[in-house]
Amino acid sequence: MLLESQNKKIIVLGSYNSGALSAIYTLSKQGYKPILVAPRINESQMSELLDEFYSMKMTADNLADIVTKTRPDAIIPIFGGQTGINACIKLAKDGLLSAPKCKNFGNRFSIIK
């Protein structure tokens with residue numbers, strides 16, 4: 001279990017592919033509230049799976065706006081490839097992820113102490 005699942009928001013960085021969709025489906029079934037951030041999203045299909053999703057480039061600036069707005073409990077960047085990981089690294093270096101105590105899963109760097 002990643003976190004206590006009751007109403008915890010988790011940002012999933014990714015593209016519209018089977019890996020990201022599987023993660024979203026699994027998180028939803030476990031009681032989490034996944035938020036997808038992807039460059040291209042089929043909005044009609046996503047509206048059935050998600051309360052929130054953002055169709056935009058995965059840049060550190062865009063992700064910073066989403067983190068500030070949604071205040072997630074965790075981020076899973078690995079479905080966003082190197083672009084998603086780089087955006088999270090920049091946010092971690094800027095200290096944005098430590099303020100809301102946002103955990104980072106799925107890579108080798110640690111954001112939270």
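The structure is a predicted model, in which local features need a pLDDT of at least 70 and side-chain atom pairs count only at pLDDT 80 or more, while totals for chains, interfaces and linings use all residues. Residues are numbered from 1 along each chain as its sequence is written, and side-chain values use heavy atoms, with hydrogens and water left out.

**The chain as a whole**

The chain has four helices and five strands, taken as DSSP runs (H or I of at least four residues for helices, E of at least two for strands) and numbered from the N terminus. Along the sequence these elements follow the pattern β-α-β-α-β-α-β-α-β. Of the 113 residues, 39% count as buried, where buried means under 20% relative accessible area, exposed means over 50% and partly exposed lies in between, with a 1.4 Å probe and protein chains only. Among contacts (heavy atoms within 4.5 Å) between residues at least 6 apart in sequence, 61% join residues at least 24 apart.

**Helix α4**

Helix α4 covers residues 81–94, and its 14 residues reach 20 Å from the first C-alpha to the last, close to the 20 Å expected at 1.5 Å a residue; the expected span is 1.5 Å times one less than the number of residues. Within α4, Gly-84, Ile-85, Ala-87, Cys-88 and Leu-91 are buried. These residues lie on the same side of α4 because they cover an arc of only 160° around the axis, the arc being that of the directions from the helix axis to the C-beta atoms. On the other side of α4, Gln-82, Lys-93 and Asp-94 are exposed. Just after the helix, Gly-95 takes a positive phi of about 85°.

**Salt bridges**

Side chains of opposite charge can pair when their charged atoms come close. With a salt bridge defined as a side-chain nitrogen of Lys or Arg within 4 Å of a carboxyl oxygen of Asp or Glu, the count comes to two.

| Salt bridge | Closest N and O atoms |
|---|---|
| Lys-9 with Glu-52 | 3.9 Å |
| Asp-94 with Lys-90 | 2.8 Å |

Lys-9 in strand β1 (residues 9–13) and Glu-52 in strand β3 (residues 52–55) are 43 residues apart, and their pair links distant parts of the chain. Lys-9 counts as partly exposed because its relative accessibility is 26%, and Glu-52 counts as partly exposed at 23% relative accessibility. Asp-94 and Lys-90, by contrast, both lie in helix α4, four residues apart, about one turn of the helix. At 41% relative accessibility, Lys-90 counts as partly exposed, whereas Asp-94 is exposed.
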